[in-house]
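User: I'm new to reading protein models and I'd like to go through one with you. Can we take it step by step?

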Amino acid sequence: MLRLENASIAMDDRFLNARFDLQPGARVAVLGPSGAGKSTLLDAIAGFRPLASGAVHWNKSDMSSEPPSARPVSILFQDGNLFPHLDLRRNLGLALRPDGGRLSSAQTDRLIGALGQVGLGGMENRKPGTLSGGQQSRAALARVLLQARPILLLDEPFAALGPAMKTEMLELVKDVAGRLGALTLMVTHDPKDARAFAEQVVLVADGNALPPVETQSILDNPPKALRAYLGAED
Amino acid sequence: MAPRVVAIIAGLALALLTLGPVAAVLARANGLAALGAGDYQAIRFTLWQAFLSAGTSVLLAVPLARALARQNFRGRGLLISLLGAPFILPVIVAILGLLAVFGQSGILNQLLGAIGLPKLDVYGLHGVVLAHVFFNLPLATRMLLQAWLAIPDERFRLAASLGLGRWAYFIVLEWPLVVRILPGAFAIIFVICLTSFAVALTLGGGPRATTVELAIYQAMRFDFDLGRAAALGLVQLALGLGAGVAALRVSLGQGFGIGRGRVVPRWDSRGRKALDTLVILAAAAFLLVPLGMVILRGLPGLPMLSGGTLQAALHSIGVALVSTALCLLWALPLATRRGELLSLCAISVSSLVLGTGLFLMLRPFVNPFVMALPVTALVNALMALPFALRILRPEAEALTQDFGRLRATLRMTPLAWFRLVYLPRLRRPLGFAAGLTAALAMGDLGVIALFADPDRTTLPLQVYRLMGSYQMKEAAGAALLLLMLSFALFWIFDRGGRANATS
């Protein structure tokens, strides 16, 4: 269980407060107006931003003071998820050998298998620059499979993709998260993404990240903060 | 945190190797008591020639930069690239080129003689200033040009649609630019000229045209008066630090100037074509004819090169390679803001002061002359470090910015990061920095003059010695060899950084 215990995160000119639990394996959309602190929340969980007060627990152990590399978290950023000068084998291999060493044949098999699972079979020698945007996202998701960590954070990694491609990627994320049994938090500002992907929604607005609510009910009966953001929609 | 430790070690080594010699100079100097009247004259001359050189360079740069900014012509890009060449041009080579044009039997005096006018004498104050302008006019021009090209298009369009007259145009668009850029350019060139040694050594000399750096050399080599040399080192240190701090303040945020590609579509270029053409032609001739003369006069000298000269060339290549390796070893861990500030300490200490300090430090243990080549390699690495860091730091920081978080979530080890990401991604700036360092070290005629004996000389010093013994043909050949080696080293390293560089 991921527990945010009276967590307070410093933003530019104010604080973002969060106090809720998320269950292992849940798929959660983080929804809210831009600048409200959606990415800030993810950064705090991943360890890129320190807490001003409070704590983050995973399965009862306090990870608030752990550096990002020690947390049980994999994360996809908006961009820069792959090193552009390394081929996919090298890029993905780093998930299995963070020291950059040679992969064992069992590890290589896992790597090839992961690429196959995201539909990139046979592309292990390609560099990211020779792939389409969608393929790059797929490769990054294959690496998430290899990292096999219990928490997966997605900071709008598909924002640059077209609608059809995005739908495809959301399905793939569901698949990957299901295989890993990972708690998945995805930042989005599109309620349609939330409907397609998430069982629960964490609403970030007015300096608070509110406890998760079931997606269907929150979008059908939006609270005031969400109504203001959604406007005429829904 | 292993990388941190490496950075701290590199920083300490840098501090030790700059502050150590400075401390040695301070300890030996015994105040300024050892200075004589000639030394005070040297101080005055140093300041005066630096002032004249910087002033002339920036004043001439204004019309040249303006002409290059507003006129488009075939070869413009090449000419602007060539403005970067003096930076890696060995001083002694440029001197030979300038002598071939302005010297006793140079082109200019032959022309003057043919029409019955008296000959010009290039030695002395005006020769020193002439050489400094040759080196620094291009620098000032590039700095100005870069700022000129950074003026937004809209302002030129606005000026055109308002139908501004020439005077209004100057006041509104050009004057603010000149006022913003010139003080910084002046200060940087002033600092560069303060530490002038090789130019003063070859074109100056005598009681009326000696710089402090040259006086240090003379005190050590001719009088073997270490106390006076140290006192002069103290003076040079104070001059360098004072002017360096001032230059840093007025030139904050300025690059070294790279402006190149775009020609601003401008509506003020018509009607100025004749004037601009004249300015550009004059500048191109001033910069290119001496270089052409080096090649022209050097070619017949190439087959005459003696074994000693070739030996010196090998020494120089070795010094350049060791300097480059040292400089990069320093630059990689120090490519941060703090590291760059630290390296600025190194630039404000002149190479002859460092040399004097190292001489004083080594003397109790070894014969300093045996150490001539290692010391030259070390001092050149220190001198090139600020430039290397200025090239590397922005890119190294961008790398951390772009991929630092990815590195953390992947739990990459420091070594994997360094080997798989840092080095490959920094290949281009590393190649460029290595090329600059190698060329600077190859052409340096400074600290080697303090330490050298006949067995351990570098190619620039060999050229100087050949000139001194009036073997002008071989000197010309050796200078051409030096020119080719400097540019070849630069080209090879820079090229190596670019080859197969995929995004």
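Here are some questions and answers about this model.

Analyst: This is a predicted model, where local features need pLDDT of at least 70, side-chain atom pairs count only at pLDDT 80 or more, and totals for chains, interfaces and linings use all residues. Residues are numbered from 1 along each chain as its sequence is written, chains are lettered from A and ligands numbered from 1 in the order in which they are written, and side-chain values use heavy atoms, with hydrogens and water left out.

User: What area is buried between chain A and chain B?

Analyst: Buried area is the accessible area (1.4 Å probe) that two parts lose on being put together, summed over both. Carbon and sulfur atoms give 61% of it here. The total for chain A and chain B comes to about 2,000 Å².

User: Which residues of chain A lose the most area to chain B?

Analyst: Three residues together make up 28% of what the chain A side buries. They are Phe83(A), His85(A) and Pro98(A).

User: Which residues form a salt bridge between the two chains?

Analyst: A salt bridge is a side-chain nitrogen of Lys or Arg within 4 Å of a carboxyl oxygen of Asp or Glu. Chain A and chain B have one between them. The closest N and O atoms are 3.1 Å apart, and the partners are Asp43(A) and Arg405(B).

User: Is Gln236(B) buried or exposed?

Analyst: Gln236(B) sits in helix α11 (residues 226–250) of chain B; helices (H or I, at least four residues) and strands (E, at least two) are DSSP runs, numbered from the N terminus. Buried means under 20% relative accessible area, exposed over 50%, and partly exposed in between (1.4 Å probe, protein chains only). Among the residues in contact with Gln236(B), leaving aside its neighbours within four places in sequence, are Leu194(B), Ile216(B) and Val353(B). Because its relative accessibility is 1%, Gln236(B) counts as buried.

User: Why does Asn6(A) count as partly exposed?

Analyst: Asn6(A) lies in strand β1 (residues 2–10) of chain A. Its phi is near 45 degrees, a positive value in a residue other than glycine. Asn6(A) is called partly exposed because its relative accessible area is 44%.

Terms used: Contact means heavy atoms within 4.5 Å.
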